[in-house]
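Colleague: Could you take a close look at one part of this model for me? I'd like the packing around a single side chain, and then whatever connects to that.

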Amino acid sequence: SEDKWQSKQSSFLLSEKLIQFSDDKFRSKVIQTGMDYFEFSEHRVREAVANCIGECAKYGGLQVYKTVQPKLFKLISENFSRDDEENKNNDASGAASLAKIQEQRNKHQHHHHDHDHDHDHSHDDNKKDTQKSDK
């Protein structure tokens, strides 16, 4: 439910504020808990975790990075390889995107040219009428 993620977000926001007044033991607990939420479904919780761990690093230094680095790199690697797999099936290259756009544009243009051209497509008549009534 929504309040579940909000309470998690609040916990990390509060922890972030407390880091500067806390000892290594508290910081370590926050980092370990934060790492459990690296993949949490709600992005606002992940953002609060990131900010919180950043604050831990500010006070805890390089050791914080060394603690989170293996898991972080694993997730980054998995996300990139998952993206690569999706891209093989869904070619998002510039050329393919451009071809799709042009294809859509051509379909759209043909739609307008299918009926006869005896009538005026511009709607200037409406503009003239409103100009007259303004005077």
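This is a predicted model: local features need pLDDT of at least 70, side-chain atom pairs count only at pLDDT 80 or more; totals for chains, interfaces and linings use all residues.

Leaving aside its neighbours within four places in sequence, which residues is isoleucine 53 in contact with?

Modeller: Once you skip the neighbours within four places in sequence, isoleucine 53 is in contact with Ile31, Gly34, Met35, Phe38, Val64 and Val68. Several of those names come back when you look at the largest nonpolar core, which has 17 residues. Ile53 is among the residues with the most contacts inside that core, along with Ile31, Phe38, Val49, Cys56 and Val68. Helix 1, helix 2, helix 3 and helix 4 (62-89) each give two or more residues to this core, and helix 3 gives the most, with six.

Now for the cysteines. Cysteine 56 is buried, because its relative accessible area is 0%. Cysteine 52 also counts as buried, with a relative accessible area of 1%.

Glutamate 55 is buried yet has no salt bridge. The nearest side chain of opposite charge belongs to lysine 58, 4.3 Å away, and the cut-off for a salt bridge is 4 Å. Not counting residues up to four places away in sequence, glutamate 55 touches Glu16 and Ile19.

Last, the rings. There are two aromatic pairs by the rule used here. In one, phenylalanine 12 and tyrosine 37 have ring centres 5.5 Å apart and planes at 70°, so the pair is edge-to-face. This pair links distant parts of the chain, 25 residues apart: phenylalanine 12 sits in helix 1 (residues 2-18), while tyrosine 37 is in the loop between helix 2 (24-36) and helix 3 (43-60). Phenylalanine 12 counts as buried, because its relative accessibility is 6%. Tyrosine 37 also pairs with phenylalanine 40, and that pair is tilted, with 5.5 Å centre to centre and 50° between the planes. Put together, the ring pairs link Phe12, Tyr37 and Phe40 into a cluster.

Technical notes. Residues are numbered from 1 along each chain as its sequence is written. Side-chain values use heavy atoms; hydrogens and water are left out. Rings of Phe, Tyr and Trp (its six-membered ring) pair if their centres lie within 6.5 Å; planes under 30 degrees apart count as stacked, over 60 as edge-to-face and the rest as tilted. Helices (H or I, at least four residues) and strands (E, at least two) are DSSP runs, numbered from the N terminus. Buried means under 20% relative accessible area, exposed over 50%, partly exposed in between (1.4 Å probe, protein chains only). A nonpolar core is a set of buried Ala, Val, Leu, Ile, Met, Phe, Trp, Tyr and Cys residues joined through side-chain atoms within 4.5 Å. Contact means heavy atoms within 4.5 Å. Lys and Arg count as positive and Asp and Glu as negative; His and the chain ends are not counted.
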